[in-house]
Amino acid sequence: MVCGNELRMDAKQFLAEPRLLISADALLHNAALVRQAVGPDTRICAILKADAYGHGARLVADILAGHSANTINSPAVDALAVASIDEAELLGQATGPLLILRPVENSFLGDQRSRIETAIRSGWVLTLCSAAAADDVARIALACGKRAAVQIMIDTGMSRSGVAPEQFSNLLNTITAHAPLRLFGLGTHLAESEDADSQLTTRQIDAFLRLTGQFAAANPRVLRHVANSAGIFFHRQSHFDMVRPGISLYGIDPTMAPAKERPLRPALKWTAPLVHIRHVKKGAGVGYNQTWRATRDTRIGLIPVGYADGYLRSFSNTAQTLVCGKAAPVVGRVSMDLTTVDLELVPDACIGDQVTLLDDDPHSPTSVYQLAKWANTVPYEIFTRIGPRVHRVLSETPKEEVANAARTA
Ligand SMILES: *Cc1c(COP(=O)(O)O)cnc(C)c1O
């Protein structure tokens with residue numbers, strides 16, 4: 001059981017351990033920037049899949065949607081979304097609608113049926129992409145004695161999930177004909193919205209409008225939603241009734257580089273203590289296979305974090321960390337539970353000092369943008385790899401004015 005008080009435990013409690021410091025101010029500031037971009041009439045559905053992009057889904061849900069006792073009285077976002085029913089269960093109680101993004105498939109295989117029953121009883125919105133899935137969910141809802149909230153995701157060009165345009169009207173008719181189903185929304189997902197001139201995005205939005213226009217005009221309560229973070233900032237015509245920001249809420253620019261015109265604030269800082277310092281002589285080898293050798297006498301700092309925590313092995317002999325604000329390069333191989341850094345440039349570093357592995361300053365040498373470059377990936381993957389051994393704690397209680405700015409009108 002995690003209650004509100006536990007969620008706001010003092011970050012100091014974990015001072016001697018690796019921790020993710022999550023800034024409520026930054027999350028609320030980013031939600032306010034999204035709100036500014038879409039205006040007061042468009043709903044915001046915060047994407048919390050994959051443990052809120054590694055930030056801790058319960059913490060983030062609490063900050064943005066104000067589930068438990070909180071300084072925030074009205075939530076910064078209007079709805080939440082996760083990938084799966086399992087993730088929804090981990091989230092605990094939600095105030096607004098909670099969307100399950102992964103389409104319902106194989107409802108009668110394994111444990112699926114009981115999961116779907118849980119979702120229906122909890123009022124979560126299930127995603128349907130086939131008439132067969134709609135029939136199955138209707139049958140389960142009937143047996144539960146409760147209507148199931150559902151939405152349709154349409155494949156308008158990504159060719160991943162979603163109902164094909166040719167089958168959309170059949171699915172729509174199937175759902176509206178089933179009394180146990182209540183249609184919550186219609187959506188699609190954009191494939192390259194970070195490109196403001198993308199022709200594909202224009203075609204996707206046009207296809208979505210063509211398919212849904214008539215129905216939406218007759219059914220204004222059914223929410224249409226298309227935009228991810230990049231859609232929000234680069235394609236105004238993708239906003240519709242609701243937007244689905246993920247990465248931008250966590251403070252990362254959808255262009256995958258900091259942008260002056262969108263002052264998003266990274267909400268996560270990953271620190272760990274220096275647990276040991278070893279003097280090594282010139283010529284000494286460090287770590288598995290001795291992939292680094294001291295070219296002068298130096299001091300090697302030991303950090304209790306490794307690739308099992310999501311500090312990637314590809315950072316070996318490549319990434320930087322910050323110790324007392326100074327650069328300390330990773331030397332030798334990152335191992336499963338431990339990482340070694342060269343303290344040559346940090347002569348005053350002591351055991352117990354905090355090492356910054358991932359900084360919340362977007363321009364820092366250890367920003368998530370920089371770590372993603374070193375690992376030849378994107379900030380999304382760096383974040384979602386951070387493992388469960390790292391404690392997620394709030395770095396501060398939210399400031400009232402930031403909370404106010406993020407509130408719905
Ligand atoms: C993950 C996801 C989003 C959020 O995308 P970002 O690029 O992180 O803003 C939106 N919609 C769907 C369907 C998603 O799966």
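Modeller: A residue is called buried under 20% relative accessible area, exposed over 50%, and partly exposed in between (1.4 Å probe, protein chains only). This is a predicted model, in which local features need pLDDT of at least 70 and side-chain atom pairs count only at pLDDT 80 or more, while totals for chains, interfaces and linings use all residues. Residues are numbered from 1 along each chain as its sequence is written, and side-chain values use heavy atoms, with hydrogens and water left out.

Biologist: Is phenylalanine 208 buried or exposed?

Modeller: Phenylalanine 208 lies in helix α9 (residues 199-218); helices are DSSP runs of H or I with at least four residues, strands are runs of E with at least two, and both are numbered from the N terminus. With a relative accessibility of 0%, phenylalanine 208 counts as buried.

Biologist: How many aromatic pairs are there?

Modeller: Rings of Phe, Tyr and Trp (its six-membered ring) pair if their centres lie within 6.5 Å; planes under 30 degrees apart count as stacked, over 60 as edge-to-face and the rest as tilted. By this rule the number of aromatic pairs is five.

Biologist: Why is the pair of tyrosine 53 and tyrosine 380 classed as it is?

Modeller: The two ring centres are 5.9 Å apart, and the planes of tyrosine 53 and tyrosine 380 meet at 40°, so the pair is tilted. This pair links distant parts of the chain, since tyrosine 53 is in helix α3 (residues 49-53) and tyrosine 380 is in helix α12 (residues 379-385), 327 residues apart. Tyrosine 53 is buried at 6% relative accessible area, whereas tyrosine 380, at 34%, is partly exposed.

Biologist: Which class does the pair of phenylalanine 208 and phenylalanine 240 belong to?

Modeller: Phenylalanine 240 sits in the loop between α10 (229-234) and β9 (242-243), so its pairing with phenylalanine 208 ties together parts that are 32 residues apart in sequence. Phenylalanine 240 is buried, with a relative accessible area of 18%. The centres of phenylalanine 208 and phenylalanine 240 are 5.2 Å apart and their planes lie at 80°, which makes the pair edge-to-face.

Biologist: Which residues supply 71% of the area that domain 1 buries against domain 2?

Modeller: An automatic or database domain assignment gives domain 1 (24-250) and domain 2 (268-388). Buried area is the accessible area (1.4 Å probe) that two parts lose on being put together, summed over both; between these domains it is about 520 Å², with 77% from carbon and sulfur atoms. The 71% share, more than any other three residues supply, comes from Tyr53, His55 and Ile247.

Biologist: How many salt bridges are there between domain 1 and domain 2?

Modeller: A salt bridge requires a side-chain nitrogen of Lys or Arg within 4 Å of a carboxyl oxygen of Asp or Glu. Between domain 1 and domain 2 the count is zero.

Biologist: What is the phi of cysteine 324?

Modeller: Cysteine 324 lies in the loop between β15 (320-323) and β16 (326-329) and is partly exposed, with a relative accessible area of 39%. Although cysteine 324 is not a glycine, its phi is positive, at about 50°.

Biologist: What is the phi of glutamine 290?

Modeller: Glutamine 290 is found in the loop between β12 (285-286) and β13 (292-293), and its relative accessible area of 36% makes it partly exposed. Glutamine 290 is not a glycine, yet its phi is positive, at about 50°.
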